[in-house]
Amino acid sequence: MKRLEAVRMEQCIGCHSCSLACARLVHKKLSWNTAGIRISSAGGLTTGFEAQVCVACDPAPCAEVCPTDALKQRKGGGVIVKHDKCIKCGKCAEACPVDAIYYEPESDLPYLCIHCGRCVPFCPHNCIELREIPTYEEE
Amino acid sequence: MKMDPNFSRVLHVDLNTGKSKALQIEDRHMHIGGSGLAAVLYDRYGIDDAPADDPRQPLIFAIGPLTGFYPLMSKVVCGFRSPYTDEWSESHAGGRLALSIRFAGYDALMITGKAEKLSALVVGSRSCEIENVTYLRGKDVFATGKFLRRFGKKNAGHRSAIRIGQAGERGVAYACINVDSFRHFGRMGSGAAMGFKNLKGIVVSGDGSFDLPEGKAYAEMMKDIYKDITETGKMKKYHDLGTPQNLIPLNELQALPWNNLQKTQDEGVEGISGETFAEQLLLRQAACAGCPVGCIHIGLLRQQFASEHEFLYKQVSYDYEPIFAQGSMLGITNAADVLALLDETEKLGLDCMSAGVALAWAAEATEKGYISQEETIVELKFGEMKGFLEGLKFIASGENAFYQALSRGSMAAAKLYGGEDFACVLGQEMAGYATGEVFFVASAYGFRHSHLDTGGYAFDQNNTEKNADKAIEFMLEDERGRIYINCMMGCLFARGTYGPEKLKEALTAAGFQNIADNLEEAGKYIQKLRWQLKCRTGFDVDAVKIPKRFTEVVTWKGEIDTGYMDEVAQRYASAIKEMAKCGE
């Protein structure tokens, strides 16, 4: 199994190409927010950038609190998302320890990383990687 | 949210009443967006016979239909009545503002009226507030940015904070609007246009989302364009050394203005070259949101502020034009000195180009005895940074009658103190290209008086023959091509990727078939409307003058041919009249 990791964020130039690509290609939206990976700055552009992205918890607190299995535990960490099963309770976003779930107010649906790696080729500075999960973590 | 291809959605904020309206501007297939939308809004809401500082005049920030859809569609046009010329004008900037406006759900923000107290406008997809920020009176651009970032905190990274400094508050004719610390609506005085409205800053949160068109066409087009931009190497130069790569080649060509354009070449160029900046001072590159190129170069300025080992550090963005204006033009040959001047300029909220060129004029006027330290307060001498550093502060504060005049432009000061022959003004203080006749004419007569209206500098460099027909044909054709890009609000670095045919395909894939089908017609309409607005608001094409200094320039081609320059000027003036149908 693989998971997406923002491993070299110190190289980030803040172009947002990763999150825009995720929103456009994975979630079929034109948006900054409805993306699995979102880039933020901590106090203006002079401070550099950080990525808000699912860290692939196992067990995942978001899946544990989901009452309808719209978010289900993924093998190796993270979750599998089924929007059609979501009853829009919003508990998943509250449960996420790293604020990686964006709860979109218009559609009332959670948006988060599914570790598909489609954002990776859009990063011009090699900041993100789809990495094999080490076996010691999988056990 | 849904996007309607037939309408532009504009948030009109009236600072007099504190109320706002979301407008639907029809006929998007004609105005497209960006420059075209700004022109249509001015046409409807502007007041031709009132001056730039009339509170009723609109201040407009517009994006294009493709903003957010494709890479490098990352610019915003600011449309305003210029405090410098009083005419309808534009200035363009990158940063995060374009995507913030898009995801806030608008194609433009338009501000009219004047707030009773110093205010900040705070906008998002579900919010619109006018905040009292009287505590920011007189605060510099950086301090203001820090305070403004208290608004919309939950959208950190997905918002933009634009603001003015002391220069904008005081109405300096070339005050700029700072965008997200490192980018600017630099030229023609947009900062003062904002100051006239008692508006210190605007925070836009891009917190909304749009559905994409059905089908695969859009995703394929987006991937195709991204690949073209990132994998063909065509953008490498903008990321690597960036625009300062031009310093050495232009100096070698004898086309880099030095010491108020008294010469076009100097061996001191090594000290301020793109290579020197990159090797000694480059801290990192950054990007506008939505652009993978990363052309923003940020230098590290380390300054000792006390005896012993007491240092502070600052991050200062640099580019070719700022290095020309506050480096070679002032005879400065040390890169860290240039950063120190740019840092001060940034804090005060001045246009670095006009401020540098204005101080260069003052240094030569001092040399020639038109003015003395009685006027300049400090010694302004080519090559010496410290005097210019103080001079910048005096321009922003309007320290005395001389600096008040200089804050209206170097020609305004020259008219009072003498030295008009060597005021390097082509509509506004010149850009950094002493390439020859076509550039000088293009800038003096051009719509924005900018090196970005047409590539006149490139024409000078690529053509040895003196053919006025060919020059005019080039300028008109090049302007039309740039209008398409400037209505989409794409970065001009991407004009090689976004030719008219590619734009049509990209528009169609994004759901704007109506604009794609009408692109040529719309381009002609917008070109004409922009020139009409400029003429209606005071531009007299027959009154344009090119100061004597520009006729004295010696480039790699030799002396300037004034006969050729006059011919190009007359022909271009006629072409502008024809385009604008001024008087009709």
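**One residue, then the rest**

Mentor: B:Y313 counts as exposed, with 10 C-beta neighbours inside 10 Å.

Trainee: Where is B:Y313 found?

Mentor: In strand β16 of chain B. Helices (H or I, at least four residues) and strands (E, at least two) are DSSP runs, numbered from the N terminus.

Trainee: What is B:Y313 in contact with, leaving aside its neighbours within four places in sequence?

Mentor: B:L300, B:L301 and B:R302. Contact means that the two C-beta atoms, placed from the backbone, lie within 7 Å. B:T555, by comparison, is 242 residues from B:Y313 in sequence and 39 Å away in space, C-alpha to C-alpha.

Trainee: What kind of model is this, and how are things numbered?

Mentor: It is a predicted model, in which local features need pLDDT of at least 70 and side-chain atom pairs count only at pLDDT 80 or more, while totals for chains, interfaces and linings use all residues. Residues are numbered from 1 along each chain as its sequence is written, and chains are lettered from A and ligands numbered from 1 in the order in which they are written.

Trainee: What does chain B average in pLDDT?

Mentor: 96, with 99% of the residues scoring at least 70. pLDDT is the predictor's confidence in each residue, from 0 to 100. Chain A averages 94, and 96% of its residues score at least 70. Within chain A, confidence is lowest in helix α4 (residues 135–138), at a mean of 71, and highest in α2(A), at 98. The model as a whole scores ipTM 0.95 and pTM 0.97.

Trainee: Now the contact between chains. How many residues of chain B are in contact with chain A?

Mentor: 32 residues of chain B, against 26 residues of chain A. The elements giving two or more residues to the chain B side are α3 (97–104), β13 (209–211), α7 (217–231) and β14 (282–286). The largest share, 4 residues, comes from α7(B). By type, the chain B side divides into 16 nonpolar, 12 polar and 4 charged residues. Here Ala, Val, Leu, Ile, Met, Phe, Trp, Tyr, Cys and Pro count as nonpolar, Asp, Glu, Lys and Arg as charged, and the others, Gly among them, as polar.

Trainee: Which strand of chain A is joined to β13(B)?

Mentor: Strand β2 (residues 29–31) of chain A, antiparallel, through 3 bridges. Strands pair if DSSP finds at least two bridges between them. A:S31 has B:S209 as its bridge partner in β13(B).

Trainee: Back inside chain B. Is β12 buried or exposed?

Mentor: 7 of the 7 residues of strand β12 (residues 199–205) of chain B are buried, so β12(B) is largely enclosed by the rest of the structure. Strand β7 (residues 119–124) of chain B pairs with β12(B) in the parallel sense over 5 bridges, and B:V122 stands opposite B:V203. Strand β9 (residues 159–163) of chain B is joined to β12(B) by 5 bridges and runs antiparallel; there B:I162 stands opposite B:I202.

Trainee: Which residues touch the most other members of the largest nonpolar core?

Mentor: B:I60, B:V76 and B:L350, in a core of 245 residues. Helix α13 (residues 352–367) of chain B gives the largest share, 11 residues. Such a core is a set of buried Ala, Val, Leu, Ile, Met, Phe, Trp, Tyr and Cys residues joined through C-beta atoms within 7 Å. Beyond four places in sequence, the contacts of B:L350 include B:A167, B:V172, B:L392 and B:I395.

Trainee: Which peptide bond is cis?

Mentor: The one from A:D58 to A:P59, with omega near 5°. A:P59 is found in the loop between β4 (49–52) and α2 (61–65) of chain A.

Note on methods: Buried ≥ 20, exposed ≤ 12 C-beta atoms within 10 Å, placed from the backbone.
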